[in-house]
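Subject: The two-chain model, with notes

Hello,

Here is the structure I promised you. Please open it and keep it beside this email while you read.

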Amino acid sequence: MLSKVKSAGIFGVNGYIIDVEVDISNGLPVFDIVGLPDLSVRESKERVRAAIKNSGFEFPIKRITVNMAPANTKKEGPAFDLAIAIGILMATEQIPAIDNFDPVYLGELSLDGTLRPVNGVLPMLLSIRDDYNNIILPKDNAEEASNVSNMNIYPFETLQELVSCLRGESKLIPYNRAKGNKSNFKISFVEDFSDVKGQEGVKRALEIAAAGGHNAIMIGPPGSGKTMLAKRLPSILPDLTYDEALEITKIYSAAGMLKENEGMISYRPFMSPHHTISSSALVGGGRIPVPGQISLAHHGVLFLDEIPEFKKDVLEVLRQPLEDGEITISRASGSATFPAKFMLIASANPCPCGFLGDDSNKCICTPHQISRYLGKISGPLMDRFDIHIEVPSLSFQKISRNEKGESSVNIRARVNKARANQVQRYTNDGIYYNAQLGPKQIRKYCKIDQAGKNLMEQAFSSMNLSARAYDRILKVSRTIADLENSANIQAYHIAEAIQYRSLDRQYWP
Amino acid sequence: MEQVDEKFFWVWLSGIPGIGARKFHALTKYFGGAHKVWQAPKEKLTQLSPYLGSNVVYEIINQRDNKTLDGISRMLNSSSFRIITLLDDEYPDLLKQIYDPPPVLYGKGCPIINHKPAISIVGSRRPTGYGRQMAEKLAYELAEAGVTIVSGLARGVDAMAHYGALKAKGTTVGVLGCGIDRVYPPENKKLFSSMEEKGTIITEYPPGSAPVAGNFPARNRIISGMTSGVLVIEAGERSGALITVDFALEQGRDVYALPGNINVAQSAGTNKILKEGAKLVTEVQDILEELGIQKKKLKKDTASVQLDFFETQVYNALQEGERHLEELSKETKMDINKLNAVLTMLEVKGIVKQMPGKIFIRNWDA
């Protein structure tokens, strides 16, 4: 007897339909799975056998062949357990075939027949929603799956329940999210800028970075609060839209990082990989590609603490995704494209010992050591940082300890407004914020008056600024003007922007 | 002709490894000239082994060949540097008076002007912002008053002193601890090239010599020896600048020092020598009066720079010295964005200087 049921697999962040065919014939009792299954798929034999038996059904002592089509792509993971079990039960006529009802089965089986949640449900459903609209899946995946509209979701807790439904013993009821729809979607933050006392200069710089989507590097001695500040950056980034949240959730689902019953990621992610990270962990990789840290930071913040300590080749792989907002990973099994639109925030000590610029003059590094330390970050990567922030040492922070900081909500309101200005200005340019401005667009949108030009000229000669700073100062001035709701860039916008280029300065002749 | 020949052999003898100024002078005195050393019989030189060391004698004997001669004539004809011996007019007069004047100097840049008064400025290689500013300021004002500024072309105070003198379009001499063809420390490359153009660089070490640690204390005796006084800007407790002070005292030269904050490590050395009797310098006049120079009235008019209300506020807040951005914001009650803009304006106008770590200080010439 032959039966066919549908299941789905995932490659990158895209799902595809898999046909699971089960043939049962007389012969020696064998259970074979073909169609490039990996180890976790092959092991499903044991789970399926036990789950069928322990749910009170009969496991045929015959020759069982399971084929998973398309047979030329590699299958991974335990999500096909349920489809195989249903296929076997159908082939042995323990479940009748239902006309006009050919759902997609997703789910891992435990030995007692309970359905366990699987990864990647959201991206799978988003990819197949046009052709299939009945999904049977484990109850724990229901919340996540219900983000996809126009689909009938049938969650079940055990194989037994499912079979009795399919036998017509009880009714199939599509899942409805409790109060659940889009309007319930709300962004939430744990960390708030009001927790940070003082540090006004740093906060202002981060506000500008958030408003213009600028990448920023923070330079400061150890323990000055760089990580604390960076962690709070997502809370002042522009409001997360539903579509953005869906994209983030898709990636997290594919990576298996959704928490139980977390239907939707409702906050901007903050990823802070350790500096020993490998390049494939950073950008994604694996035999069947999985998203890396930069994709997990999609629409959020990628924070590289102590950036000079990262391996050089690891840092260099960041350049292309920073430019394109996505990363394509090619492997023998095919190439997958992951979105990776993130804000890069890096931190570094000012010098190897960390005390350069400290008021106590404790620094013992030679100028050569200092330039070599920050020189570990290549020029092209350094060029991606529009804003340089100097985080003061603790001795300067004590001064303003007792003041209450401004809350993230207030800052975010200003950021939202500035972003709105940018989106409006760039409607015909295919970009959304100032950090994306190319050289040509800078000439077009960052026009400065004579006073501004004079200031730039004087600043470059008197501060020994390097030439590469010019465009970056213009971009940042544009953002400062946007924050002030000013249509034109004024000289004082430029004057402020010049202060965020510390690393281009040569302090002494 | 005799004179030229003698210069030739001076260069030869002084370039032999292991022969310093003292051994050079002892040998020429013993044999009656460097040329005589070249001609001296082997046995006679070998007899000197207990005094010179057998290695040195071996080198003298071994380097008496044509190949060495070629090398020396190439050096004498070199276009990138010149050789100044103790016998030449350009040789600094004051330096001749010390106990062990270097017989040969290799020089680059402008000729040394002997009749001008000279002061050496030395100090820490890691000075504070205050130290850097004072080094530049005092060098500028001394050079402006016609004093030659001598220093060691090192990091920190040395570099700032040279820059100050160059800024005033004055004369300045840098003394190296390595060969004339070397740039050490490498980050002073820019300074080296402007010194070659508008100042003078000299060294007693033959071309190709590496900047080994032992060279620098010996170099310091030339710095103090060339000048009538040594001004110490900032020095740690065991700073090389204090070695220069020791040489100055040995050579009978004046010692000046700039007082510093007693809590700062870089002031430990200067405050110590002040206690021991160095002349305290708070303004350039303190040095000029020792040199017998009448200071010209300052014609600088600061009124040419116009400051607006906010700029004046920030300028006033910097009255007591360096301030961090956060401190300034608190003191002036200005928002950070406004303050940042104002600080850039002040920097551009040359009134305020920014130091690493968002610390601001008034410019000395503001």
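Below is what I found, chain by chain, and then where the chains meet.

One caution first. This is a predicted model. Everything below was computed from its atoms.

**Chain A as a whole**

Start with chain A. Its secondary structure comes to 21 helices and 18 strands. The C-alpha trace spans about 90 × 45 × 45 Å along its principal axes. Chain A has 509 residues, and 49% of them are buried.

Next, look at contacts between residues at least 6 apart in sequence. In chain A, 75% of these join residues at least 24 apart.

Domain 1 covers 2–166, domain 2 covers 193–412 and domain 3 covers 437–509. How many Å separate the centres of domain 1 and domain 3 of chain A? Taken over C-alpha atoms, the answer is 59 Å.

Now go to A:Q293. This residue is in helix α11 of chain A, which runs over residues 293–296. Is A:Q293 buried or exposed? Count the other C-beta atoms within 10 Å of its own. There are 20, and 20 or more is the cut-off, so A:Q293 is buried.

Which residues does A:Q293 touch? Then the contacts are A:M271, A:P273, A:I277, A:A281, A:L282 and A:L302.

**Chain B as a whole**

Chain B has 18 helices and twelve strands. Its C-alpha trace spans about 85 × 40 × 35 Å along the principal axes. Of its 366 residues, 48% count as buried. Among chain B contacts with a separation of 6 or more, 69% involve residues 24 or more positions apart.

Chain B also has three assigned domains. They are domain 1 (1–76), domain 2 (118–291) and domain 3 (302–362). The centres of domain 1 and domain 2 of chain B, taken over C-alpha atoms, are 33 Å apart.

**The nine-stranded sheet in chain B**

This sheet deserves a slow look. It is open, has nine strands and shows mixed pairing. Trace the order in chain B: β1-β2-β6-β5-β4-β3-β7-β8-β9.

Zoom in on one pair. Strand β2 (residues 104–109) and strand β6 (residues 200–203) of chain B run antiparallel, paired over four bridges. Within this pair, B:Y106 stands opposite B:T203 of β6(B).

Helices lie on this sheet. Helix α11 of chain B, residues 189–198, lies across β2, β5 (172–175) and β6 of chain B. Its direction is at about 95° to β2(B). Helix α13 of chain B, residues 240–250, packs on the sheet too. It touches β3 (118–122), β7 (229–232) and β8 (254–257) of chain B, and makes about 155° with the direction of β7(B).

Then find helix α12 of chain B, residues 215–225. Its buried residues include B:R219, B:N220, B:R221, B:I222, B:I223, B:S224 and B:G225. What covers them? The cover includes α8 (93–96), β3, β4 (148–151), β5, β7 and α13 of chain B.

**The three-stranded sheet in chain B**

Chain B has another open sheet, of three strands. The order is β10-β12-β11 and the pairing is antiparallel. The edge strands are β10 (323–324) and β11 (352–355) of chain B, each pairing on one side only. β11(B) joins β12 (residues 359–362) of chain B through four bridges. One of the residue pairs is B:V352 with B:R362 in β12(B).

**Where the chains meet**

Finally, the interface. Here 30 residues of chain A are in contact with 31 residues of chain B. On the chain A side, α7 (200–212), α14 (367–374), α19 (450–463) and α21 (491–498) each supply at least two residues. Which element gives the most? It is α19(A), with five residues. By class, the chain A side has 15 nonpolar, nine polar and six charged residues.

Happy exploring.

Methods: Residues are numbered from 1 along each chain as its sequence is written. Chains are lettered from A and ligands numbered from 1 in the order in which they are written. This is a predicted model: local features need pLDDT of at least 70, side-chain atom pairs count only at pLDDT 80 or more; totals for chains, interfaces and linings use all residues. Domain bounds come from an automatic or database domain assignment. Two residues are in contact if their C-beta atoms, placed from the backbone, lie within 7 Å. Ala, Val, Leu, Ile, Met, Phe, Trp, Tyr, Cys and Pro count as nonpolar, Asp, Glu, Lys and Arg as charged, and the others, Gly among them, as polar. Two strands pair if DSSP finds at least two bridges between them. Axes are lines fitted to C-alpha atoms, for helices over the stretch in contact, and angles run from 0 to 180 degrees between N-to-C directions. A residue is buried if 20 or more other C-beta atoms lie within 10 Å of its own, exposed if 12 or fewer, and partly exposed in between; C-beta atoms are placed from the backbone. Lists of a residue's contacts leave out its neighbours within four places in sequence.
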